[in-house]
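Subject: Structure handover

Hello,

The structure we spoke of is below. My notes on two of its elements follow.

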Amino acid sequence: MSRPWRRLAIAGSVGWPQGPAWHAVVTDELSDYLLRMPENSTLYVRHGDADEGPDAIAHRWASSPRSALVAHMQGQAGPAIPNRADVEIIEERLPADWAACNPHCKEFKADGSPHRRPNPGYPDHPRRGHLPDYCPSAGHWRNPNVVGYLYDGPPNRCERKHYTPIPDARVSLLMAWNYNNSPGTSATVRHAITMGVPYRVWGAFG
Ligand SMILES: [Zn+2]
């Protein structure tokens, strides 16, 4: 019998605040989901690998010792909280490809300026590294991958005929933490809605 599994997709605004309470809004949901996993199962945690915000929080959560994940719940009244060492956690990190353009990228914008942008942090930008210039739509093309699909349609639309499921990437639930309606997080939720991927959104405004 194959091992049961669930796949959580994580999306979130890179501007999601850093304070402990904001952090716990994310980690409490992840720990709660872990506690509800089937016995001896695999939990895939899929995210866009941003170096700030909920992607980074989920990365640190998935890399933590198992005992640390539920430590904050232990010591409370009631039955002991299991640390669910029987559940295997596998992270699926999907960084945006800043180097390559998608075939749908146009070389020039309507006003004649180039589509690709110079990398202001060259040569040491934390995400775009050594690239002298980059595709500003890289996140846009990557976002549907987070919910398990390739998308080859026009930017800023979600047309069903342009989606192709990625093999072995079916998402059980998208958890999205949206701060000030950031465009990337909102777009990821729209991809999930279009393709019938279950989702929950935590919205916040600062
Ligand atoms: Zn491009």
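Strand β2 (residues 42–47) has 5 of its 6 residues buried, so it is largely enclosed by the rest of the structure. Buried here means that 20 or more other C-beta atoms lie within 10 Å of the residue's own, with 12 or fewer counting as exposed, anything in between as partly exposed, and C-beta atoms placed from the backbone. Helices (H or I, at least four residues) and strands (E, at least two) are DSSP runs, numbered from the N terminus.

This is a predicted model: local features need pLDDT of at least 70 and side-chain atom pairs pLDDT 80 or more, while totals for chains, interfaces and linings use all residues. Residues are numbered from 1 along each chain as its sequence is written.

On one side of the pairing list, β2 runs parallel to strand β1 (residues 5–12), joined to it by 6 bridges; strands pair if DSSP finds at least two bridges between them. R6 has L43 in β2 as its bridge partner. Between β1 and β2 the chain passes through helix α1 (residues 20–35), and this β-α-β crossover is right-handed (clockwise from the first strand over the helix to the second, with the strands pointing away from the viewer). β2 also pairs with strand β3 (residues 88–93), again parallel and over 6 bridges, and there R46 stands opposite E92.

The other element is helix α4 (residues 138–146): 7 of its 9 residues are buried, so the helix is largely enclosed by the rest of the structure. Among them are W141, R142 and P144. After α4 comes G148, with a positive phi near 100°.

Regards
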